[in-house]
Amino acid sequence: MGDRSERGAVKHRRRTTISGESAEARAKRSGAAETLSGQVNERERRQETSATANKHKNDNDAVDKILSCHKLQESLLSSDSGYSNYRGILNWCVVMLVLTNARLFLENLIKYGILVDPIQVVSLFLKDPYSWPALCLIIVSNVFIMAALYTERRLSVGSFSEGTGTFLHFANLATLLCFPAATVLTVTSMTPVGGAVALGVYTVLFLKLYSYRDINKWCRETRHAKARTLSRSHSFPSLHRANGTTANTHVTYPGNLTHRDMYYFIFAPTLCYELNFPRSPRIRKRFLLRRLFEMWMVPTIQNSMKPFQDMDFSRMVERLLKLAVPNHLIWLIFFYWFFHSSMNFVAELMQFGDREFYRDWWNSETVPYFWSNWNIPVHKWCLRHFYKPMLLKGVNKLPAQIAVFFLSAFFHEYLVSIPLKMFRLWAFLGMMSQIPLAYFVGRFLRGNYGNAAVWMSLIIGQPVAVLMYVHDYYVLNSVAVRQDDAP
């Protein structure tokens with residue numbers, strides 16, 4: 001009996017404990033539910049408040065849009081604005097340029113009359129209508145082209161050693177520079193303009209044949225390094241139409257050593273030779289060649305001689321500034337005519353694909369940037385065949401850069417002094433003066449100030465050189481005329 005009563009008491013306690021735990025759990029769950037419900041209600045209240053605030057904000061924004069006319073922004077001409085469409089300003093500059101030069105044209109027409117004489121224009125190129133020395137000199141240049149081609153052919157089959165080939169190439173290149181110079185200096189019927197044109201052709205040919213020699217030598221070295229013979233193919237890329245496009249046949253060495261390939265390179269608007277030039281798919285028939293001539297510089301140059309003869313410094317400066325703008329405009333016209341119109345015309349006829357003949361040199365903030373961007377064919381040649389080979393041989397960058405300027409100065413003087421048959425070194429000194437100018441601009445001037453300095457050197461520097469040569473040529477020829485007229 002006692003055991004039953006104890007078991008009954010234990011059961012009762014267990015029921016009581018279990019019953020008590022269930023009530024506590026229910027209380028906790030109820031409290032959690034109330035808390036969750038409160039949080040949901042709070043969230044809903046916040047959402048309602050936020051929606052109300054957003055509604056008020058949207059209403060305020062709508063009102064601001066109606067009432068406000070200002071926002072945070074920069075002026076268009078500010079560099080922070082990111083605006084770059086200045087085509088209207090460019091058109092304005094062109095209109096002002098046309099109007100200004102129209103006034104100058106009328107002024108010179110009233111003061112000096114019509115200065116364009118066809119006979120005088122022809123006399124710039126020919127002294128004797130039955131003698132064409134400049135043209136004959138250009139035709140003779142084919143001898144040097146054939147010499148370079150056949151030297152490379154002999155080298156490709158091993159008839160010549162590399163040393164012999166190098167000697168023949170450099171003898172050919174040296175003669176290529178000396179022969180036309182001697183001809184221009186000795187032939188009395190050669191005019192300065194005709195001599196300059198002939199020497200310009202020979203200078204371009206010198207740079208082309210130097211590149212031709214270098215590239216073929218590199219091809220031979222590559223072929224020997226691979227120790228195998230590359231397949232021959234036609235020298236000139238054969239073209240065939242396929243779905244309206246043009247396909248090019250890949251050329252390999254020595255299949256490029258033919259007359260057709262050589263003369264394609266000679267006439268192509270580039271100084272750097274390649275076995276496979278980029279080719280455009282077709283020839284476009286719409287071209288616009290703009291050839292503008294300004295004939296009103298002649299009286300200004302003639303009037304500039306007297307202050308130079310009298311050494312009147314103030315008048316010299318006045319004449320220099322008077323010549324600066326027209327000289328610079330003619331230089332700009334020449335740049336557009338030659339580097340844009342003419343070279344694109346030739347490239348289109350020959351389907352030459354690389355049309356990067358210039359870059360944005362007008363934005364130059366340093367002198368080296370200008371010289372490396374205004375004449376891309378020459379820059380590529382100097383970089384590929386002169387500057388980089390010097391670096392590979394261990395020459396430091398600064399001496400290599402000075403050597404490039406020295407080479408450029410030599411050819412500038414070569415193209416000016418020899419046709420004029422006088423040696424004054426003004427062009428050479430003008431080019432070499434670019435070295436200290438580049439240091440000064442790069443060290444002390446930045447941004448727009450550097451760009452302005454580059455423009456000033458172009459606008460003022462060129463007329464100085466022109467006046468120096470015109471003055472010396474004028475004095476030299478006037479003295480010669482007086483001596484011939486003397487009894």
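The conversation below takes up the core, the salt bridges and a surface patch in turn.

Visitor: Before we start, what kind of model is this?
Guide: This is a predicted model.

Visitor: Which residues touch the most other members of the largest nonpolar core?
Guide: They are Leu176, Leu209, Met262 and Trp381, in a core of 63 residues.

Visitor: And which helix gives the most to this core?
Guide: Helix α6, which spans residues 192-226, gives the most, with eleven residues.

Visitor: Let us take Met262. What is Met262 in contact with, leaving aside its neighbours within four places in sequence?
Guide: Met262 is in contact with Ile145, Ala148, Leu149, Leu209 and Tyr212. Of these, Leu209 is itself named among the core residues that touch the most other members.

Visitor: On to charges. How many salt bridges does the structure hold?
Guide: The structure holds six salt bridges. One of them pairs the side chains of Asp214 and Arg213, at 2.8 Å from N to O.

Visitor: Is Asp214 buried or exposed?
Guide: Asp214 is buried, because its relative accessible area is 7% and buried means under 20%. Arg213 likewise counts as buried, at 7% relative accessibility.

Visitor: What about Arg355 and Glu348?
Guide: Their side chains also meet in a salt bridge, with an N to O distance of 3.0 Å. Here Glu348 counts as buried, at 1% relative accessibility, whereas Arg355 is partly exposed, with a relative accessible area of 21%.

Visitor: Which residue forms a salt bridge with Arg359?
Guide: Glu356 does, and the closest N and O atoms are 2.8 Å apart. Arg359 is partly exposed, with a relative accessible area of 30%, and Glu356 counts as partly exposed at 31%.

Visitor: Now the outside. Which residues form the nonpolar patch on the surface?
Guide: The patch consists of Leu76, Tyr83, Tyr86, Ile89, Trp92, Val95, Met96 and Leu99. Together they have about 780 Å² of accessible area.

Visitor: Where is Trp92 found?
Guide: Trp92 is found in helix α2, which covers residues 87-112.

Visitor: And why does Trp92 count as exposed?
Guide: Trp92 is exposed because its relative accessible area is 52%, and the cut-off for exposed is over 50%. As general background, nonpolar side chains in soluble globular proteins tend to be buried together.

How values were computed. Residues numbered from 1 in each chain as written. Predicted model: local features only at pLDDT ≥ 70, side-chain atom pairs only at ≥ 80, totals over all residues. Heavy atoms only, no water. Patch = residues over 30% accessible without salt bridge, like charges linked within 9 Å, V, L, I, M, F, W, Y side chains within 5 Å. Areas by Shrake-Rupley, 256 points an atom, 1.4 Å probe, with all protein chains shown as cover. Salt bridge = Lys/Arg side-chain N within 4 Å of Asp/Glu carboxyl O. Helix = DSSP H or I, 4+ residues; strand = E, 2+ residues; numbered from the N terminus. Buried < 20%, exposed > 50% of the residue type's maximum accessible area, 1.4 Å probe, protein only. Core = buried A, V, L, I, M, F, W, Y, C linked by side-chain atoms within 4.5 Å. Contact = heavy atoms within 4.5 Å.
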